[in-house]
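Colleague: Could you take me through one part of this model closely, namely its nonpolar interior and a helix that packs there?

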Amino acid sequence: MKLQTHDVRGVPILSSEWSVDEFIPDDFQIPEIAPTIHAGFIDLLSRDVFSEGDSQPLYEHLLSRSSEFSLEFMRAIEIWLQDELRHYQALRKVYHMVSGLSLEKIDRQNKNRVHELEPIAFLIENEFTILVGLMFDEMGSVWSYHRDIKEFYQHYGKGFARVGHLVTQDEGRHFRNAATLIKYRHPDKIDQIEPLLEKISQMEACLAYYPKTFFLDHAQERHRFPKDFNTQVIQRILSCF
């Protein structure tokens, strides 16, 4: 794995470079796993793979509005997309190996998803709200993936666990990049972070379904999280400012 720091007009943006093939070869044999763990992992991957893939249409929407955003923000979003699509490729391979679904079928399912931006309109209103939304999503993902590694990935061997850890580390860097951009680009709005985070949390709690927009994808995992999950996420974010 290669770590990089990109200097974007004085703003340090972090990224990494790695491939799932380094850790999970094509001829890897799935070990004997307890049926309940195996079924639970397939169920989890059936959501996580496509949530990562939902980054592409979100990026395309933001790209169509690029004139509204700073150069630093758009460069960070380009780097974010590269990471998220690598996550899609990694989890796609894991899902293929665990479930037996073909890579082509997984790609077709991803391509046929319908993405609804209206439910998250307030969240993608401007550069600042998008960055706060990213912090909320990525910090939640860090905690979620830590749990998933212990509950599922580690049972399949070191390669699976390593991929889980690398995805988790990337999500942590995405959080730090969003926080850095707020500190550099929007220091006058830091006092608005907490009320916006509370609004996002309330919105997620009220969602009847995940609208396939990358943001608020944890709405589909509420049954797996502790009741104070969002509160813990928000407190952790605020401790960074």
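Modeller: I will begin with a single side chain. Setting aside neighbours within four places in sequence, Phe 215 is in contact (heavy atoms within 4.5 Å) with Leu 58, Ile 120, Leu 123, Ile 124, Ile 130, Gly 133, Leu 134, Asp 137 and Tyr 210. This is a predicted model, in which local features need pLDDT of at least 70 and side-chain atom pairs count only at pLDDT 80 or more, while totals for chains, interfaces and linings use all residues. Residues are numbered from 1 along each chain as its sequence is written, and side-chain values use heavy atoms, with hydrogens and water left out.

Phe 215, together with Val 132 and Met 135, touches the most other members of the largest nonpolar core, which has 44 residues. Such a core is a set of buried Ala, Val, Leu, Ile, Met, Phe, Trp, Tyr and Cys residues joined through side-chain atoms within 4.5 Å; buried means under 20% relative accessible area, exposed over 50%, and partly exposed in between, with a 1.4 Å probe and protein chains only. Among the elements that each supply at least two residues of this core are β2 (11-17), α5 (127-151) and α7 (193-206), where helices (H or I, at least four residues) and strands (E, at least two) are DSSP runs numbered from the N terminus. The most comes from α5, with eight residues.

Turning to α7, its buried residues are Ile 193, Leu 196, Leu 197, Ile 200, Ser 201 and Glu 204. Because they cover an arc of only 140° around the axis, they lie on the same side of α7, the arc being that of the directions from the helix axis to the C-beta atoms. The buried residues of α7 pack against α5, α6 and α8, whereas the face turned away from the buried side carries the exposed residues Gln 202, Ala 205 and Cys 206.
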